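Here is a short report on one protein model.

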Amino acid sequence: MNSTITLPAQPPALKAQAKDLDFYYGDFKALKGINMPVYENRVTALIGPSGCGKSTFLRCFNRMHDLYPGHRYGGSIQLHPDQIDVLHRNVDPIEVRMRISMVFQKPNPFPKTIYENVAYGLRVRGEKSRSYLDDKVEAALRGGALWNEVKDRLGEVAVNLSGGQQQRLCIARALATDPEIILFDEPTSALDPIATASIEELISEIKNKVSVLIVTHSMQQAARVSDFTAFMYLGDLVEFGETDEIFMKPRRKETEDYITGRFG
(Lines give C-alpha, C1' and ligand atoms only; values in the text may rest on other atoms or scores of the structure.)
Protein backbone atom coordinates (compact mmCIF):
# COMPACT_ATOMS: atom_id res chain seq x y z
CA MET A 1 0.00 0.00 0.00
CA ASN A 2 1.31 3.46 -0.91
CA SER A 3 1.00 5.74 2.10
CA THR A 4 -0.04 9.37 2.05
CA ILE A 5 2.46 11.52 3.91
CA THR A 6 1.53 15.17 4.27
CA LEU A 7 4.36 17.34 5.57
CA PRO A 8 3.83 20.83 7.02
CA ALA A 9 4.86 23.82 4.92
CA GLN A 10 7.75 24.47 7.29
CA PRO A 11 8.42 21.15 9.03
CA PRO A 12 10.26 21.17 12.36
CA ALA A 13 13.74 19.68 12.62
CA LEU A 14 13.93 15.92 12.14
CA LYS A 15 14.76 13.84 15.23
CA ALA A 16 14.43 10.41 13.62
CA GLN A 17 13.25 8.87 10.39
CA ALA A 18 12.04 5.39 9.50
CA LYS A 19 13.14 4.43 5.99
CA ASP A 20 11.66 1.42 4.19
CA LEU A 21 11.22 -0.23 7.59
CA ASP A 22 10.16 -3.88 7.56
CA PHE A 23 9.80 -6.13 10.58
CA TYR A 24 9.27 -9.88 10.69
CA TYR A 25 8.11 -12.15 13.51
CA GLY A 26 9.60 -15.32 12.10
CA ASP A 27 8.07 -15.58 8.62
CA PHE A 28 5.26 -13.12 9.37
CA LYS A 29 5.84 -9.64 7.96
CA ALA A 30 4.39 -7.31 10.59
CA LEU A 31 5.64 -4.00 9.14
CA LYS A 32 5.74 -3.26 5.42
CA GLY A 33 8.17 -0.67 4.14
CA ILE A 34 7.29 2.17 6.49
CA ASN A 35 8.66 5.64 5.80
CA MET A 36 7.89 8.22 8.48
CA PRO A 37 9.53 11.24 10.12
CA VAL A 38 9.66 11.92 13.85
CA TYR A 39 10.03 15.62 14.53
CA GLU A 40 12.06 17.24 17.27
CA ASN A 41 10.12 18.47 20.32
CA ARG A 42 6.80 17.30 18.91
CA VAL A 43 4.35 14.56 19.89
CA THR A 44 3.55 12.00 17.19
CA ALA A 45 0.61 9.66 17.80
CA LEU A 46 0.25 6.22 16.23
CA ILE A 47 -3.38 5.19 15.77
CA GLY A 48 -5.09 2.22 14.16
CA PRO A 49 -7.03 -0.94 15.05
CA SER A 50 -5.57 -3.62 17.29
CA GLY A 51 -2.96 -5.73 15.54
CA CYS A 52 -2.13 -3.11 12.91
CA GLY A 53 1.55 -2.85 13.91
CA LYS A 54 1.57 0.28 16.10
CA SER A 55 3.40 -1.23 19.07
CA THR A 56 5.64 -3.29 16.79
CA PHE A 57 6.71 -0.09 15.03
CA LEU A 58 7.22 1.74 18.32
CA ARG A 59 9.45 -1.01 19.73
CA CYS A 60 11.72 -0.94 16.71
CA PHE A 61 12.94 2.49 17.78
CA ASN A 62 14.71 1.24 20.90
CA ARG A 63 15.38 -2.31 19.74
CA MET A 64 12.99 -3.93 22.24
CA HIS A 65 12.48 -6.77 19.75
CA ASP A 66 16.12 -7.76 20.28
CA LEU A 67 15.06 -9.24 23.63
CA TYR A 68 13.07 -11.99 21.89
CA PRO A 69 14.21 -14.63 19.36
CA GLY A 70 13.02 -15.07 15.80
CA HIS A 71 12.69 -11.45 14.72
CA ARG A 72 14.21 -9.61 11.77
CA TYR A 73 14.46 -5.96 10.76
CA GLY A 74 14.68 -4.52 7.27
CA GLY A 75 15.35 -0.93 6.29
CA SER A 76 16.58 1.59 8.83
CA ILE A 77 15.70 4.07 11.55
CA GLN A 78 18.05 7.04 11.41
CA LEU A 79 18.57 9.13 14.51
CA HIS A 80 19.37 12.77 13.81
CA PRO A 81 21.45 14.89 13.77
CA ASP A 82 24.25 12.27 13.74
CA GLN A 83 22.30 10.00 11.34
CA ILE A 84 23.02 6.81 13.25
CA ASP A 85 20.98 3.81 12.10
CA VAL A 86 19.73 2.46 15.42
CA LEU A 87 18.99 -0.91 13.78
CA HIS A 88 22.52 -1.46 12.52
CA ARG A 89 24.14 -4.55 14.02
CA ASN A 90 27.19 -2.54 15.13
CA VAL A 91 25.07 -0.17 17.23
CA ASP A 92 24.80 -1.16 20.91
CA PRO A 93 21.09 -1.58 21.81
CA ILE A 94 21.82 -0.59 25.43
CA GLU A 95 23.11 2.77 24.25
CA VAL A 96 20.08 3.10 21.97
CA ARG A 97 17.81 2.60 24.99
CA MET A 98 19.64 5.36 26.85
CA ARG A 99 18.91 7.75 24.00
CA ILE A 100 15.40 6.43 23.32
CA SER A 101 13.50 5.62 26.53
CA MET A 102 10.19 3.78 26.82
CA VAL A 103 7.13 3.94 29.07
CA PHE A 104 4.89 0.90 28.93
CA GLN A 105 1.15 0.29 29.01
CA LYS A 106 1.08 -0.71 32.67
CA PRO A 107 3.24 1.01 35.27
CA ASN A 108 6.27 -1.21 35.86
CA PRO A 109 8.33 0.22 38.73
CA PHE A 110 11.28 -1.92 39.73
CA PRO A 111 11.14 -3.63 43.16
CA LYS A 112 13.36 -0.88 44.54
CA THR A 113 12.97 2.44 46.29
CA ILE A 114 11.57 5.47 44.52
CA TYR A 115 15.08 6.95 44.44
CA GLU A 116 16.72 3.83 43.01
CA ASN A 117 14.02 3.48 40.34
CA VAL A 118 14.93 6.89 38.95
CA ALA A 119 18.68 6.43 39.41
CA TYR A 120 18.71 2.99 37.77
CA GLY A 121 19.63 4.01 34.23
CA LEU A 122 22.32 6.37 35.48
CA ARG A 123 23.88 3.59 37.58
CA VAL A 124 23.80 1.27 34.53
CA ARG A 125 25.72 3.98 32.70
CA GLY A 126 28.33 3.85 35.47
CA GLU A 127 27.47 7.00 37.39
CA LYS A 128 28.57 6.78 41.04
CA SER A 129 28.62 10.36 42.32
CA ARG A 130 25.94 10.66 45.00
CA SER A 131 25.57 14.41 44.59
CA TYR A 132 25.16 14.02 40.81
CA LEU A 133 22.62 11.23 41.27
CA ASP A 134 20.73 13.31 43.84
CA ASP A 135 20.49 16.23 41.44
CA LYS A 136 19.42 14.06 38.49
CA VAL A 137 16.83 12.16 40.53
CA GLU A 138 15.28 15.42 41.75
CA ALA A 139 15.30 16.91 38.25
CA ALA A 140 13.71 13.80 36.75
CA LEU A 141 11.02 13.63 39.44
CA ARG A 142 10.26 17.30 38.86
CA GLY A 143 10.08 16.56 35.14
CA GLY A 144 7.66 13.75 35.94
CA ALA A 145 5.53 16.12 38.08
CA LEU A 146 6.11 13.86 41.08
CA TRP A 147 8.76 15.57 43.22
CA ASN A 148 6.44 17.39 45.61
CA GLU A 149 4.52 14.19 46.30
CA VAL A 150 7.52 11.94 47.01
CA LYS A 151 10.43 14.17 48.09
CA ASP A 152 10.04 12.97 51.70
CA ARG A 153 9.48 9.32 50.66
CA LEU A 154 12.42 8.62 48.37
CA GLY A 155 13.47 5.63 50.49
CA GLU A 156 10.08 3.92 50.24
CA VAL A 157 9.48 1.09 47.80
CA ALA A 158 7.91 2.35 44.59
CA VAL A 159 5.05 -0.16 44.60
CA ASN A 160 3.50 1.78 47.51
CA LEU A 161 2.62 4.59 45.09
CA SER A 162 -0.78 4.83 43.40
CA GLY A 163 -1.15 3.66 39.79
CA GLY A 164 -0.97 7.19 38.42
CA GLN A 165 2.04 8.01 40.58
CA GLN A 166 3.76 4.80 39.48
CA GLN A 167 3.31 5.77 35.83
CA ARG A 168 4.70 9.25 36.50
CA LEU A 169 7.62 7.56 38.28
CA CYS A 170 8.22 5.48 35.14
CA ILE A 171 8.21 8.70 33.11
CA ALA A 172 10.70 10.25 35.56
CA ARG A 173 12.86 7.12 35.24
CA ALA A 174 12.73 7.51 31.46
CA LEU A 175 13.69 11.20 31.70
CA ALA A 176 16.64 10.60 34.05
CA THR A 177 19.07 9.50 31.33
CA ASP A 178 18.36 12.65 29.26
CA PRO A 179 16.85 10.75 26.31
CA GLU A 180 16.26 12.35 22.95
CA ILE A 181 13.01 10.44 22.31
CA ILE A 182 10.50 8.89 24.70
CA LEU A 183 8.24 6.10 23.46
CA PHE A 184 4.84 5.70 25.13
CA ASP A 185 2.93 2.46 24.53
CA GLU A 186 -0.68 3.17 25.55
CA PRO A 187 0.55 4.78 28.80
CA THR A 188 -2.88 5.58 30.25
CA SER A 189 -4.91 2.48 29.35
CA ALA A 190 -4.59 1.11 32.90
CA LEU A 191 -5.33 4.45 34.61
CA ASP A 192 -8.47 6.25 35.77
CA PRO A 193 -9.61 9.49 34.07
CA ILE A 194 -7.94 11.78 36.61
CA ALA A 195 -4.58 10.01 36.34
CA THR A 196 -4.99 9.93 32.54
CA ALA A 197 -5.45 13.71 32.42
CA SER A 198 -2.33 14.13 34.57
CA ILE A 199 -0.22 11.98 32.23
CA GLU A 200 -1.56 13.79 29.15
CA GLU A 201 -0.66 17.15 30.67
CA LEU A 202 2.79 15.81 31.47
CA ILE A 203 3.32 14.61 27.88
CA SER A 204 2.45 18.10 26.64
CA GLU A 205 5.08 19.55 28.97
CA ILE A 206 7.96 17.13 28.34
CA LYS A 207 7.88 17.65 24.57
CA ASN A 208 9.75 20.87 25.33
CA LYS A 209 12.69 18.62 26.28
CA VAL A 210 12.29 15.51 24.12
CA SER A 211 10.52 14.16 21.07
CA VAL A 212 7.56 11.90 21.87
CA LEU A 213 6.12 8.94 19.98
CA ILE A 214 2.91 7.57 21.51
CA VAL A 215 0.75 4.58 20.67
CA THR A 216 -2.81 5.17 21.79
CA HIS A 217 -6.07 3.26 21.37
CA SER A 218 -7.95 6.51 22.03
CA MET A 219 -8.42 8.83 19.09
CA GLN A 220 -9.58 11.50 21.52
CA GLN A 221 -6.25 11.24 23.31
CA ALA A 222 -4.35 11.44 20.01
CA ALA A 223 -6.29 14.57 19.12
CA ARG A 224 -5.58 16.13 22.53
CA VAL A 225 -1.86 15.47 22.94
CA SER A 226 -0.26 15.08 19.51
CA ASP A 227 1.10 17.45 16.90
CA PHE A 228 1.34 14.75 14.21
CA THR A 229 -0.63 11.55 13.72
CA ALA A 230 0.12 8.36 11.79
CA PHE A 231 -2.69 5.98 10.89
CA MET A 232 -1.58 2.36 10.50
CA TYR A 233 -3.46 -0.63 9.16
CA LEU A 234 -2.29 -4.23 8.64
CA GLY A 235 1.38 -3.31 8.94
CA ASP A 236 1.17 -0.38 6.53
CA LEU A 237 1.44 3.32 7.23
CA VAL A 238 -1.72 4.54 5.51
CA GLU A 239 -1.50 8.26 6.26
CA PHE A 240 0.74 10.66 8.16
CA GLY A 241 0.31 14.38 8.72
CA GLU A 242 -0.46 17.13 11.18
CA THR A 243 -3.05 15.95 13.70
CA ASP A 244 -5.67 18.56 12.83
CA GLU A 245 -5.40 17.62 9.15
CA ILE A 246 -5.66 13.88 9.83
CA PHE A 247 -8.76 14.27 11.98
CA MET A 248 -10.52 17.07 10.11
CA LYS A 249 -9.50 16.49 6.48
CA PRO A 250 -8.01 13.00 6.02
CA ARG A 251 -6.81 12.35 2.48
CA ARG A 252 -7.34 8.59 2.51
CA LYS A 253 -10.75 6.93 2.70
CA GLU A 254 -9.32 4.26 5.02
CA THR A 255 -8.29 6.96 7.49
CA GLU A 256 -11.69 8.64 7.35
CA ASP A 257 -13.47 5.30 7.83
CA TYR A 258 -11.39 4.53 10.90
CA ILE A 259 -11.74 7.97 12.48
CA THR A 260 -15.50 8.02 11.91
CA GLY A 261 -15.91 4.54 13.38
CA ARG A 262 -16.86 2.72 10.18
CA PHE A 263 -14.26 0.04 10.91
CA GLY A 264 -11.66 -0.89 13.50
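Is Thr113 buried, partly exposed or exposed? Thr113 counts as partly exposed because its relative accessible area is 22%; buried means under 20%, exposed over 50%, and partly exposed in between, with a 1.4 Å probe and protein chains only.

## Basis of the model

This is a predicted model: local features need pLDDT of at least 70, side-chain atom pairs count only at pLDDT 80 or more, and totals for chains, interfaces and linings use all residues. Residues are numbered from 1 along each chain as its sequence is written, and side-chain values use heavy atoms, with hydrogens and water left out.

## Thr113 and its surroundings

Thr113 lies in the loop between β7 and α3. Helices (H or I, at least four residues) and strands (E, at least two) are DSSP runs, numbered from the N terminus. Thr113 touches Leu154, Gly155, Glu156, Val157 and Ala158, with residues up to four places away in sequence not counted. Contact here means heavy atoms within 4.5 Å. Val159 is 46 residues from Thr113 in sequence, and their C-alpha atoms are 8.5 Å apart.

## The largest pocket

The largest pocket has a volume of about 520 Å³. A pocket, on a 1 Å grid over the protein atoms alone, is an open set of points where a 1.4 Å probe fits, with protein on both sides within 12 Å along at least five of seven lines. Grid points are joined across faces, edges and corners, and the volume is the space filled by probe spheres set on the points.

The lining of the largest pocket has 19 residues. Lining residues have an atom within 4 Å of a point. Arg97, Met102, Phe110, Tyr120 and Arg173 lie nearest the pocket centre. Four elements each supply at least two lining residues: α2 (93-99), β7 (100-103), α3 (114-124) and α6 (163-175). By type, the lining holds 12 nonpolar, five polar and two charged residues. Ala, Val, Leu, Ile, Met, Phe, Trp, Tyr, Cys and Pro count as nonpolar; Asp, Glu, Lys and Arg count as charged; the others, Gly among them, count as polar.

## Aromatic rings and charges

The whole structure holds seven aromatic pairs. One of them joins Phe57 and Phe61, edge-to-face, with 5.2 Å between centres and 80 degrees between planes. Rings of Phe, Tyr and Trp (its six-membered ring) pair if their centres lie within 6.5 Å; planes under 30 degrees apart count as stacked, over 60 as edge-to-face and the rest as tilted. Phe57 and Phe61 are both buried. Elsewhere, ring pairs link Phe23, Tyr25 and Tyr73 into a cluster.

Two arginines sit over rings. The charged end of Arg173 is 4.0 Å from the ring centre of Phe110. Arg130 lies over the face of Tyr115, 4.3 Å from the ring centre. The criterion is NZ of Lys or CZ of Arg within 6 Å of the ring centre and within 35 degrees of the ring normal.

Gln167 is placed in helix α6. Gln167 counts as buried because its relative accessibility is 0%. Beyond four places in sequence, Gln167 touches Val103, Phe104, Gln105, Lys106, Pro107, Pro187, Leu191 and Ile199.

Ala174 is also found in α6. Its relative accessible area is 6%, so Ala174 is buried. Leaving aside neighbours within four places in sequence, Ala174 contacts Ser101, Val103, Pro179 and Ile182. Ala174 and Met102 are 72 residues apart in sequence, yet 6.5 Å apart from C-alpha to C-alpha.

## Pro37 in β3

Pro37 lies in strand β3 (residues 28-39). Pro37 is buried, with a relative accessible area of 6%. Ile77 is 40 residues from Pro37 along the chain, with 9.6 Å between the C-alpha atoms.

## Backbone geometry in loops

The peptide bond from His80 to Pro81 is cis, with omega near 10 degrees. Pro81 sits in the loop between β5 (71-79) and β6 (84-85).

Asn41 has a positive phi, near 55 degrees, and is not a glycine. Asn41 lies in the loop between β3 and β4 (43-47). At 26% relative accessibility, Asn41 is partly exposed. Leu234 has a positive phi near 50 degrees, again in a residue other than glycine. Leu234 belongs to the loop between β10 (228-233) and β11 (236-242).
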